[in-house]
Amino acid sequence: MKPRLWVVSELYYPEQTSTGYFLTRIAEGLAGNFEVRVLCGQPTYSEHGARARRRERHGGVAIHRLRATHFSKDRLALRALNLVTLSISAFFHGLFHFRRGDRVLAVTNPPSMPIAIGLAARLRGCRTILLVHDVYPEVLAAAATLRPDSFAYRALARLFGRTYRSFDRIVVLGRDMREVVARKLGGRDEKL
């Protein structure tokens, strides 16, 4: 029996954005060695407006599209609500379906997802990998959304630092991001 791997991402097939495209290829590539199951949302970017089946198999992977709100992405508060409801749905799905010894690969988009999935995976005794696309709250400072000296920024930095440290392994996209994430881990980069 193959070990079970969960891939958790907001975006997945039929999405053709970079995250959806690459996560689909990664999951399908691992399907030869693992029983791969995907938790994702409905298409919202390149395939916006398309309704995909809630459950289907594609490329040897079992896909489960989670229930979440689908408000307009054009309003920041409504978009944030969509991402939070998706993360909550993923948390409860993981809590009821992850098994001890499963492997869980989560992506940092949406930013609430690693918090929710990391907690569900820890509670169920899973091994975890975090694929970092965006580093929060640093990306918010770079976008001039939050000041690094603000209370909100410092609180988010603590929350995301704790979240990153809870994962068994962390995959980053490059040298510069590795340095940022290593600082988040308190200089301990053995997880990278």
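Helix α2 gives the most to the lining of the largest pocket, with five residues. Helices here are DSSP runs (H or I, at least four residues), numbered from the N terminus. The model is predicted, so local features need pLDDT of at least 70 and side-chain atom pairs pLDDT 80 or more, whereas totals for chains, interfaces and linings use all residues. Residues are numbered from 1 along each chain as its sequence is written, and side-chain values use heavy atoms, without hydrogens or water.

The largest pocket is lined by 25 residues. L76, L83, P111, Y136 and L140 lie nearest its centre. Two or more lining residues come from each of α2 (76-97), α4 (138-142) and α5 (151-166). A pocket is an open set of points on a 1 Å grid over the protein atoms alone, where a 1.4 Å probe fits, with protein on both sides within 12 Å along at least five of seven lines; lining residues have an atom within 4 Å of a point. The volume of the largest pocket is about 630 Å³. This is the space filled by probe spheres set on the points, which are joined across faces, edges and corners. By class, the lining has 17 nonpolar, five polar and three charged residues. Ala, Val, Leu, Ile, Met, Phe, Trp, Tyr, Cys and Pro count as nonpolar, Asp, Glu, Lys and Arg as charged, and the others, including Gly, as polar.

The structure holds zero disulfides (cysteine sulfur pairs within 2.5 Å). The sulfur of C40 has its closest cysteine sulfur in C126, 18 Å away, too far for a bond.
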